[in-house]
Amino acid sequence: GPEEGTSWLRDNGDRHLLPGGSATRSDEKGHFEFLSLPAGPGEVHIEAEGFLEHDATTALRSGEAASLDIVLRRGAAIAGIVRDSGSTPVPGARVQVRALETGVVREVEADGAEAFRLEVLAAGAARGWAVDPAGTGWALEVLDLREGEQTDWNPVLAKGGEIAGRVLDEL
């Protein structure tokens, strides 16, 4: 059902239509409203904790009210502990998740003592990447993220090898 969250209306130029940012909050049943808006196209941007952000476009005619029902999708989450090859947690490791369909990237730094967690990710295939602070150990894996669920990923960092070569002019 509808979730309580924050909404605001903006036009296609990403300017707020009303002074003061035109923010409003939905009630416990998901109802929200903006009053005294100018006629023309506009976009409603919705954010609610645990859900993917959502944009909806609407056109307001002079003297008429528009009705807009928005269905939010629950985000996926990923959590785990980054460890080195000896199973020791790696403080300061960087964890990055990139949605393969959209290219959206989310990143967090692992503290080593507790599990890292990234929330509100798009469901579907994603590339999980973790690297130590020095950039010498890394892990890479394709993950299957499911809407409304947490995926556990405990990357074990492997030490990278070396690449040597030459860059030549084709002449």
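Start in the largest nonpolar core, which has 18 residues. Select Ile78, Val82, Val97, Phe116, Leu121, Leu145 and Trp153, the ones with the most contacts inside this core. A nonpolar core here is a set of buried Ala, Val, Leu, Ile, Met, Phe, Trp, Tyr and Cys residues joined through side-chain atoms within 4.5 Å. Buried means under 20% relative accessible area, exposed over 50%, and partly exposed in between (1.4 Å probe, protein chains only).

The elements that give two or more residues to this core are strand S5 (76–80), S6, S8, strand S9 (124–131) and strand S10 (137–145). Strands (E, at least two residues) and helices (H or I, at least four) are DSSP runs, numbered from the N terminus. Apart from this core there is another, of five residues, including Ile46, Ala48, Phe51 and Leu72.

A word on what you are viewing: this is a predicted model, where local features need pLDDT of at least 70 and side-chain atom pairs count only at pLDDT 80 or more, while totals for chains, interfaces and linings use all residues. Residues are numbered from 1 along each chain as its sequence is written, and side-chain values use heavy atoms, with hydrogens and water left out.

Now click on Phe116. What is Phe116 in contact with, leaving aside its neighbours within four places in sequence? You'll find Ile78, Ala79, Gly80, Ile81, Val82, Val95, Val108, Ala110, Trp153 and Pro155. Contact means heavy atoms within 4.5 Å.

Zoom out and colour by secondary structure. The protein chain has zero helices and twelve strands. Of its 171 residues, 32% are buried.

Next, pick out the open sheet of five strands, in the order S7-S6-S9-S10-S12, with antiparallel pairing. Strand S7 (105–109) and strand S12 (158–159) are at the edges with a single partner strand each, so one side of each has no neighbour in the sheet. Two strands pair if DSSP finds at least two bridges between them; S6 and S7 have five, in the antiparallel sense.

Follow the loop between S5 and S6 to Ser87. Ser87 has a positive phi of about 70°, though it is not a glycine. Most residues other than glycine have a negative phi. Is Ser87 buried or exposed? It is exposed, with a relative accessible area of 51%.

Then move to strand S3 (residues 40–47) and S4, which pair in the antiparallel sense over seven bridges. S3 and S4 form a hairpin with six residues between them, and Gly50 in the turn has a positive phi of about 85°. Within strand S4 (residues 54–60), select Thr58. Gly42 stands opposite Thr58. At 18% relative accessibility, Thr58 counts as buried. Leaving aside neighbours within four places in sequence, Thr58 is in contact with Gly40, Pro41, Gly42 and Ala66.

Last stop: the second largest pocket, with 22 lining residues. Phe51, Leu52, Glu53, Val120 and Ala122 lie nearest its centre. On a 1 Å grid over the protein atoms alone, a pocket is an open set of points where a 1.4 Å probe fits, with protein on both sides within 12 Å along at least five of seven lines; lining residues have an atom within 4 Å of a point. The largest share of this lining, three residues, comes from S6.
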